[in-house]
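Me: I have a structure to read. Please take me through some features, one by one.

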Amino acid sequence: MDQRFGLDRRITLPGDFALACGAVLPELTIAYETYGKLNANGTNAILICHALTLDQYVASAHPRTGKPGWWTRLIGPGKPVDPEHWFVICANVLGGCMGSTGPTSIDPRDGQPFAMRFPVITISDMVAAQARLLDHLGVDTLAAVIGGSMGGMQALTWAVHHPARVKKVVAIATAARHSAQNIAFHEVGRQAIMADPKWQGGQYAPDAPPADGLAVARMAAHITYLSEEGLTEKFGRRLQNRDAVSFGFDADFQVESYLRHQGLSFVERFDANSYLYITRAMDYFDLAEPHGGNLARAFAGVQSRFCLVSFTSDWLYPTAESRRIVKALNAAGAAVSFVELESPFGHDAFLLDAPEMNRVITGFLTA
Amino acid sequence: MTPVPLRADLAAVADAVPQGAHVLDIGCGDGQLLAWLRDTKGVEGRGLELDAANVASAVARGLAVMQGDADTDLADYPDAAFDVVILSNTLQAMQRPAAVLDQLVRIGRRAIVSFPNFGHWRVRISLALGGRMPVTRSLPVSWHETPNIHFCTIADFEALAAERGLTIERRAALHSGKPAPLWPNLLADTGVFVLSR
């Protein structure tokens with residue numbers, strides 16, 4: 001059996017890995033999973049790119065939480081991305097905390113964790129790391145790269161940086177740049193982490209992380225993944241296990257209790273420094289920036305077909321951002337499909353039950 | 001796989017599309033025409049469609065279709081980006097039909113436009129004798145619910161084309177899907193025009 005393929009894989013690729021910021025990592029470790037079999041011609045590979053706080057466990061149980069894969073609605077038997085037909089790859093991003101090189105990794109040059117000595121990474125660096133993984137796996141060309149949110153940013157970057165290696169791009173609920181508002185929310189999260197005394201300039205012990213700060217960061221971010229409509233429907237002003245407000249600062253309201261729970265469960269599976277680095281990578285993301293702000297010029301050399309999907313209630317990466325991408329791709333002469341789907345679930349809609357999205361992706365992949 | 005035969009007015013439009021052309025279909029619905037053109041004429045097609053469910057169906061057919069509004073989004077396309085731009089049975093639903101026509105011949109070297117003829121005798125009788133807005137086979141929705149806000153007759157369309165300086169390269173008049181060459185403005189329920197600048 002080829003040890004490169006299967007669940008819970010990890011590979012350390014020796015040699016310098018140069019980053020956009022100018023720094024160099026002495027080696028690159030990538031944690032990943034593959035599902036299905038690469039066919040003889042190597043034409044059935046699909047790369048799944050994950051969002052900010054997700055990981056490589058896209059279609060298998062998470063080792064820490066025991067929960068099923070985060071995108072089993074899209075990937076699995078009888079789903080649009082069926083491992084029966086496709087060879088599916090999903091890797092933990094560079095800077096992540098589920099096994100790929102990141103701030104929790106040991107710097108081989110001195111045997112100490114990188115922590116805040118880890119260089120600031122970019123979405124481009126994440127894509128470059130994935131390209132190194134594909135080389136290792138013997139995958140020359142991707143039939144498709146699929147991603148939502150930050151995964152969509154990687155998917156778009158793939159098409160721009162490796163035009164000949166990507167046949168199709170599915171970019172869902174995403175943007176070609178981080179807006180001022182996007183950056184602002186991330187900054188709140190980072191400041192919450194860094195304000196936690198346990199953060200200690202990033203030099204915390206693994207068993208004493210800045211959990212309070214990270215939980216607050218998650219709470220603030222989580223609000224941006226939902227919609228006002230969705231929150232109202234789910235919680236309204238309903239109280240948590242009580243008949244009247246307490247005239248105190250307990251979680252009187254269900255929505256408070258829910259957010260606190262989201263924050264607490266997040267710190268069980270995520271590293272605070274990783275959160276700083278990955279949010280920074282997203283904030284730096286602007287595909288048009290190297291082209292004088294002209295997004296169409298950024299897409300000038302693309303060879304892929306594109307499918308963009310947005311959701312009506314997503315205010316984190318609203319439809320206008322997808323339209324901006326579509327317009328630029330059109331001007332660049334690329335083949336692009338785009339649909340805005342109705343959903344009350346905000347940005348998270350792409351991770352939830354979305355039969356229309358599945359129908360669109362199935363058609364796009366099989367065409 | 002044998003392609004499903006096209007609706008008569010779409011067949012008339014498809015007839016005017018050359019083999020292998022690069023085509024934009026505006027108001028492409030669920031992509032029936034584009035899929036037919038791809039499968040039988042080797043056309044590389046793109047579509048623009050307002051309705052999300054239609055877009056999903058078209059993309060599910062493997063077509064490159066974007067959700068958008070012809071009244072506002074056509075300005076984003078570069079000049080002469082397509083050999084042929086199709087506007088089938090959609091002109092009458094546009095906010096600014098004349099501006100859309102200008103866009104068609106800017107984006108495409110040729111435009112094919114089909115529309116229901118409001119000069120058809122059934123329409124005239126409905127208005128003249130019944131005193132009511134017509135509800136016919138080709139115009140099945142009553143006036144207050146129809147998306148069609150800018151009806152015209154074949155004669156009106158020809159006048160507009162002349163006013164915008166457009167060349168009419170071909171014209172076809174249809175009644176119940178069959179050619180209606182005689183007195184088209186009275187006897188045809190559909191007009192199909194091939195235009196260029």
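Me: At what angle do helix H1 (residues 123-137) and helix H2 (residues 150-161) of chain A pack, and how far apart are their axes?

Reply: Some ground rules come before the answer. This is a predicted model, where local features need pLDDT of at least 70, side-chain atom pairs count only at pLDDT 80 or more, and totals for chains, interfaces and linings use all residues. Residues are numbered from 1 along each chain as its sequence is written, chains are lettered from A and ligands numbered from 1 in the order written, and side-chain values use heavy atoms, leaving out hydrogens and water.
Two packed helices are described by the angle between their axes and the distance between the axes. Here H1(A) and H2(A) pack at about 70 degrees, with axes 9 Å apart. H1(A) is therefore roughly perpendicular to H2(A) (the class covers 65 to 115 degrees).

Me: Which kinds of residue form the contact of H1(A) with H2(A)?

Reply: Contact means heavy atoms within 4.5 Å. Among the residues in H1(A) are Ile123(A), Met126(A) and Leu134(A); they and others meet residues in H2(A) including Met153(A) and Trp158(A). The contact has eight nonpolar residues, five polar and no charged.

Me: Is Thr190(B) buried or exposed?

Reply: Buried means under 20% relative accessible area, exposed over 50%, partly exposed in between (1.4 Å probe, protein chains only). Thr190(B) has 11% relative accessibility, so it counts as buried. Thr190(B) lies in strand E8 (residues 190-196) of chain B.

Me: And Glu289(A), buried or exposed?

Reply: Glu289(A) is exposed, at 56%. Glu289(A) sits in the loop between helix H7 (272-284) and helix H8 (295-298) of chain A.

Technical notes
Axes fitted to C-alpha atoms, helices over the stretch in contact; angles between N-to-C directions. Helix = DSSP H or I, 4+ residues; strand = E, 2+ residues; numbered from the N terminus. Parallel < 35°, antiparallel > 145°, perpendicular 65-115°, else oblique. Nonpolar A, V, L, I, M, F, W, Y, C, P; charged D, E, K, R; others polar.
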